[in-house]
Amino acid sequence: MEPSRADAIVLRRREFSESSWLIDFITPEWGCLKTIAKGARRPESRLRGRLELFNRGRIIFYPSRRSDLHLLSQFDVTRFASAPGATLETAAYFYYLAELLLAVGFGSEAGRDLFEIFDRELGDASGLGRITPARIRFEIDFLKVLGVFPPLAVCGECQGDTSDRLYFSPVSRSWICSRCRSGRAGAIFIQEGVRALVNHILEGGRKTSRPAMSASQEKILDRLCRLLVDINVGKKIRSLSFLQQVKEVEGGRGRGGK
Ligand SMILES: [Zn+2]
């Protein structure tokens with residue numbers, strides 16, 4: 001059987017046996033990829049010490065014909081994930097992103113884009129700044145890459161124009177116009193500045209820098225992203241509550257200094 005090669009980032013590592021790991025990667029060509037690293041836990045294994053979470057490199061593996069579990073042969077690390085000085089919040093953030101990718105990345109046609117947006121965050125781990133704006137940008141990119149970010153210019157109910165006033169309706173899971181808004185319980189008003197920020201992220205492509213946002217814009221975008229990710233990923237992302245706990249703890253520590 002011919003081996004395959006791919007760029008890859010370690011997304012998840014689980015024990016399989018005393019000597020072996022199960023390793024899930026994200027790759028541009030294959031999306032999420034399940035592999036078994038036989039013997040990788042043995043001291044003499046050439047994979048030992050390489051299969052740490054979020055390491056990036058080049059893998060060689062033997063694709064299985066019978067199942068979706070492939071045999072990992074080599075992993076040449078080109079970037080180690082260990083970022084000195086990384087905070088617990090940054091670590092919790094990356095766990096959350098990995099969980100998002102694992103929730104949608106198997107069999108996804110968006111593998112290349114998912115790999116790129118995750119790689120960008122990891123590569124910039126020390127320059128992320130505040131995590132919440134970074135996460136908001138990632139989530140908008142993520143939903144866009146999956147093709148599920150609802151178009152802003154069109155009302156999801158009447159297909160009319162939304163340029164007058166824009167709302168988000170959790171009920172119809174879309175942006176709605178001011179006409180459709182009346183009588184809609186729970187519709188969220190989207191300020192012009194928030195719309196501009198979303199457009200900036202959507203149109204800017206992968207290389208846009210993180211947009212600055214005010215506290216109130218951040219709050220609305222955070223709520224919108226929560227709704228859209230919950231609706232579209234469709235399962236509870238466990239590490240998000242961990243990320244929020246970490247944020248509260250670190251926020252409490254930083255209070256007084258600001
Ligand atoms: Zn409408």
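Predicted model: local features only at pLDDT ≥ 70, side-chain atom pairs only at ≥ 80, totals over all residues.
The protein is divided into two parts, domain 1 spanning residues 4–79 and domain 2 spanning residues 88–254. A distance of 30 Å separates the C-alpha centres of domain 1 and domain 2. To the contact between them, domain 1 contributes 13 residues and domain 2 contributes 15 residues. On the side of domain 1 that touches domain 2, the elements giving two or more residues are strand E1 (4–15), strand E2 (21–27) and strand E3 (31–37). The residues of this side of domain 1 comprise seven nonpolar, two polar and four charged.

Five strands close into a barrel, and their order is E1-E2-E3-E5-E4. The pairing within the barrel is mixed, and the twist from one strand to the next averages 50°. Strand E5 covers residues 69–79 and pairs with E3 in the parallel sense, over three bridges. Thr-35 has His-70, in E5, as its bridge partner. Helix H1 packs on the sheet, where it touches E1, E2 and E3. The direction of H1 makes about 110° with that of E1. Helix H2 also lies across strands, in this case E1, E2, E3 and strand E4 (56–62). Relative to E2, helix H2 runs at about 100°.

The helices H1 (residues 88–104) and H2 (residues 111–123) have axes that come within 11 Å and cross at roughly 175°. H1 is therefore roughly antiparallel to H2, as angles over 145 degrees count as roughly antiparallel. On the H1 side of this contact are Phe-94, Leu-97 and Leu-101. These meet Leu-114, Phe-118, Glu-121 and Leu-122 in H2. The contact of H1 with H2 is made up of six nonpolar residues, no polar residues and one charged residue.

A further helix pair is formed by H2 and helix H3 (residues 131–145), whose axes come within 10 Å and cross at roughly 170°. This crossing angle makes H2 roughly antiparallel to H3. From H2, the contact involves Asp-113, Leu-114, Ile-117 and Glu-121. From H3, Phe-138, Asp-141, Phe-142 and Val-145 take part. The residues of the contact of H2 with H3 divide into five nonpolar, no polar and three charged.

Notes. Residues numbered from 1 in each chain as written. Axes fitted to C-alpha atoms, helices over the stretch in contact; angles between N-to-C directions. Helix = DSSP H or I, 4+ residues; strand = E, 2+ residues; numbered from the N terminus. Parallel < 35°, antiparallel > 145°, perpendicular 65-115°, else oblique. Contact = placed C-beta atoms within 7 Å. Nonpolar A, V, L, I, M, F, W, Y, C, P; charged D, E, K, R; others polar. Domains from an automatic or database assignment. Pairing = 2+ DSSP bridges.
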